[in-house]
Amino acid sequence: MNDTIDFKEKLTNFYRYPSICLFQDGIKKDTQAEYMSFLDKPRIKTDRQQMVYIHIPFCSYLCNYCPFYKVPERSHTAMIEPFVKALVKEIEMYAERGFFKGVKITNINWGGGTPMLLGTEHIITILDALYKNLDCSEVGVVSIEGDAFSLQDKDKLKALKAHGVTRTSMGIQTFNERLRKKLGVLPDVTDVYKSVKAIERADFGEWGCDILYNCPDQNVTEIRYNVDRIAELSPWVIDAYDLNISPNTKLQKMVDAGKFNTIPNNISEINMFQALMEGFEGHGYPQTRSVNWNNPEHMPHENGILNVFNSDLISFGPSGRTFLYSTGKNYRNHTNLEKYIEDINNGLFPLEAGNDVTQTQLEERDIMLVPYFLERKKTDINYSRFKEKIDIMAHNDYMYTTDDSVGITEKGKMWAGNIQYFFHSDDEMGRMAKSMFKSIQEKKNLFNQDLMNV
Ligand code: SF4
């Protein structure tokens, strides 16, 4: 075999396949009844877990780099009440159809935005709507995200724990105060420590955190410092995300205006990720997914949040993305709070865009998730279909095969995103290129395709 592949530019990990594009997959109001008719039949029997995601779009400040759909809480306070009502109604609209009959939910994950920003009574109202309308008798994980401001309230954490919440995660991002300010992350490092203390005092148990690498003005020394500080805090799991400077964002404008001394390049990105891998492993945290490291005493649950991409997922809330292996449905809600509430109040599902995934695309998704999971069983993928490409990756020491599994090598862990793209179909690459072109042209966020409010 002569195919020599030498990855040079590290690509971002990819979690969702196939993509959903506003410009190619828009769902019109008059076709949504047909698109959602799958809800009338019970879910097909499958071994895959059924998870639920709740998107809460409010943030008390807007970070300059953030691609997620969110709105500033200060200017949208009056919308919180109607939003919570709409969210409860959306859950009820799903529950009154046949799809969920006999389906046990295994995991409820709250993201955003900053879900912990909501008042305790609002969070409990939404949880009660889930508990009342869906079969949550076997839910193993109820996870809620917060920031270093919203996680300081020990009593709130205790109340949520008493109401079934089992896990929280905090966006720490970096311990460098100067960089935090430049990135628009308002809480300071003292707030991070206060939050960890509150989580401990509430006896919350499971908690995780997010950190960033590949930021402007960041270097390997800072990454090592961050890793050491995080290891001292002993979270159960760490997610490390590479910061991409998206076009048309405030961060891009700051970079263009020379507000940063150094801008990451291919080499610094590789060095920073290497420092993360070595640092966490050095602290006894094994790498458990392409961007995750776990406390060895608390390895990922069978029904944990880390398995979300391999499960059926129904999402509620603006920008929420649903993916159902069982029906091939792949869609997302409006990335606009007003439209989201309006549709629900008019008795419509708040759909913005979606497609129907073919068996061929499902197989591509399964192979694409090998680098994310680090290893998968051959029986979980269409091995024979992808054997030629797997052999090329193995020949270049990015992947390995055993009698019953396929995985990525130590060298491959650096290039998980590149390996994923190697398995993307030409069709999907074409769709993604078109989506990127149109998003930049229309000044929309490529990640969500909302109007970028950063
Ligand atoms: S990164 Fe910042 S702006 Fe984005 S969701 Fe988190 S707190 Fe909000």
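Student: How do the residues of the shell around the ligand divide into nonpolar, polar and charged?

Tutor: Five are nonpolar, four polar and two charged. Here Ala, Val, Leu, Ile, Met, Phe, Trp, Tyr, Cys and Pro count as nonpolar, Asp, Glu, Lys and Arg as charged, and the others, Gly among them, as polar. This is a predicted model, in which local features need pLDDT of at least 70 and side-chain atom pairs pLDDT 80 or more, while totals for chains, interfaces and linings use all residues. Residues are numbered from 1 along each chain as its sequence is written.

Student: Which residues are around the ligand?

Tutor: Among them are Cys59, Cys63, Cys66, Lys70 and Asp147. A residue qualifies if its C-beta atom, placed from the backbone, lies within 6 Å of the molecule.

Student: Changing topic, what is the strand order in the open sheet of three strands?

Tutor: The order is β15-β17-β16, with antiparallel pairing. Strands are DSSP runs (E, at least two residues), helices likewise (H or I, at least four), numbered from the N terminus; two strands pair if DSSP finds at least two bridges between them.

Student: Why is one side of β15 and of β16 left without a neighbour?

Tutor: β15 (375-377) and β16 (399-401) stand at the edges with a single partner strand each, so one side of each has no neighbour in the sheet. β15 pairs with β17 (residues 405-408) over three bridges, and Lys377 stands opposite Ser405 in β17.

Student: And how is the protein divided into domains?

Tutor: Domain 1 covers 1-18 + 360-423 and domain 2 covers 22-308, with bounds from an automatic or database domain assignment. Their C-alpha centres lie 26 Å apart.
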